[in-house]
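Take a walk through this chain, from its overall form down to single residues. Keep the 3D view open as you read.

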Amino acid sequence: MLALPGGELFEILTRSLNRVNDLLVGHGERVAYGVMALLDQDGRFSQQDICQIIWTVLFHDIGSFRRTDTWSLELMENDPRDTHALYGFVFLKTFFPFSHYTPIVRYHHASESVVEQAPFCGQIKQAVKYLRCVDATDLHRVKFPKCTKQEILAFYRQQLEMFGLHAMPDAVLQAAVPDNTEACHEYVKARLMQMPLSDLECQALLRTLVCAMDFRSHYTALHCTIMVHASDMLAEYCGLDQHDRYNVHIGAILHDLGKIAIPVLILEAPGKLDGRLWEIMKSHVMLTEDILKGYVSDEILQIAVRHHERLDGSGYPRGLGADDLTLPQRIVAVGDIVSALSEQRSYKPSFPLEEVMQILRDMGQAGKLCPYVLGVLEKNQQKIYQSILQEGLHTAGAFEQVYEEYYRLLDLGQTGS
């Protein structure tokens, strides 16, 4: 199955990551731009190397929202165990298509001596140093917004000298202090698009983003995997053609991107949400729309953002009715509920198939869900339920593997490789 083109994927990725922390909007693109300038002047890195490193750099802070809702600059700069860098490294090793470059994430806050002693080749060490210097400079600029450009350049030179990187050309120095974040964004995007990604690489990058969001919490870790699989099977059994099955698949993968900005305390609330908290939770749909609009087809967009709409108009965010909802949208709405009921959540246990089906039947009788889709589900319930359980077990294994390795390395004080 095809994945999203590299340009659209870049936009979705950066728009999503920029939702994590308001202080760091544009940080990933600016750092990528500065690191690219250093790699270009180095001469030892091919264009493919540079593009793969830059994709990695864009994910360099992915560990910063492992469990926290905000990750302050003070925590990033004064974390003696580099916990967010360590988690990001372990996580990316599991999902990232360019895993050989993940050590640069592990060491992007490390000292010069630690980098030199690290167990990997000189080329990767050089990339680590470049990321370390540019990242520290951009964080310094964010932390001290009143600094002049000359003061920031002086800080950058100091960082470079600490890592033995002297006599950089002026253009390279200026790249670490860009005047226009949007220009950095467009330049990095254009460079990445010069190296086409394979379908497998696109899917791996997309899965990396989605799993990074889902893995924030034990209670959300399986959701996207199960929801996508249930939606895919329903789309096939409902007789959708290849075009619509593709749209269902991509729309289902992207449906909860907005939850990247929802606090974990709300995602893991032990009881029913009400009032302001429920409004915050519901806002994930509009956040998803804001991230995706203009970068996926309208068919995919509407599949992604209508998964909480109901045929009787009682859903959200727009209270649409049966006449507004296409079959692919109705399928993903059912797939989302199947997933939610089949998983353990902070406020409920996982439900057995009989209970899942009874809840869905009741919703169908109340006029909320599509009777045709429910009929197809009823006919194929055993095959679908057993299949999603197997998919869930696979993802649960990956989740446990990431956390076991993270805590093992953390406890041992090891740096990983």
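**From the whole chain to its details**

Among contacts between residues at least 6 apart in sequence, 74% join residues at least 24 apart. This is a predicted model. The chain has 21 helices and zero strands.

Start with the overall dimensions. The C-alpha trace spans about 75 × 40 × 40 Å along its principal axes. A compact globule of 417 residues would have a radius of gyration near 22 Å, and the chain has 23 Å, so the two agree. Buried residues account for 59% of the 417 residues. The accessible surface comes to about 17400 Å². Carbon and sulfur atoms hold 52% of that surface.

Now the charges. The chain carries 38 positive and 53 negative side chains. The centres of these two sets lie 2 Å apart.

Turn next to helix 5, residues 83-95. Its 13 residues reach 19 Å from the first C-alpha to the last, close to the 18 Å expected at 1.5 Å a residue. How many of its residues are buried? The count is 11 of the 13, so helix 5 is largely enclosed by the rest of the structure. Among the buried ones are T83, H84, A85, L86 and Y87.

S111 sits in the loop between helix 6 (103-106) and helix 7 (112-117). Its relative accessibility is 34%, so S111 counts as partly exposed.

Move on to helix 14, residues 242-254, which contains I250. Is I250 buried or exposed? Its relative accessible area is 2%, and buried means under 20%, so I250 is buried. V296 is 46 residues away from I250 along the chain. The C-alpha atoms of the pair are separated by 9.3 Å.

Helix 21 covers residues 381-412. Its 32 residues should span 46 Å at 1.5 Å a residue. The end C-alpha atoms are 46 Å apart, so the span agrees with that expectation. After helix 21 comes G413, with a positive phi near 70 degrees.

K383 lies in helix 21. Which residues does K383 contact, leaving aside its neighbours within four places in sequence? They are M233 and Y237. M233 is 150 residues from K383 along the chain, yet their C-alpha atoms are separated by 9.2 Å.

Finally, look at the backbone. Most residues other than glycine have a negative phi, and most peptide bonds are trans. Two places depart from these patterns.

One is A167. Its phi is near 50 degrees, a positive value in a residue other than glycine. A167 is found in the loop between helix 9 (149-162) and helix 10 (170-175). With 80% relative accessibility, against a cut-off of over 50%, A167 counts as exposed.

The other is the bond joining Y316 and P317. This peptide bond is cis, with omega about 15 degrees. P317 lies in the loop between helix 17 (298-305) and helix 18 (327-342).

How values were computed
Residues numbered from 1 in each chain as written. Heavy atoms only, no water. Helix = DSSP H or I, 4+ residues; strand = E, 2+ residues; numbered from the N terminus. Expected span 1.5 Å × (residues − 1). Buried < 20%, exposed > 50% of the residue type's maximum accessible area, 1.4 Å probe, protein only. Rg over C-alpha atoms; globule rule 2.2 N^0.38 Å. Contact = heavy atoms within 4.5 Å. Areas by Shrake-Rupley, 256 points an atom, 1.4 Å probe, with all protein chains shown as cover. Lys, Arg positive; Asp, Glu negative; His and termini not counted. Charge placed at Lys NZ, Arg CZ, Asp CG, Glu CD.
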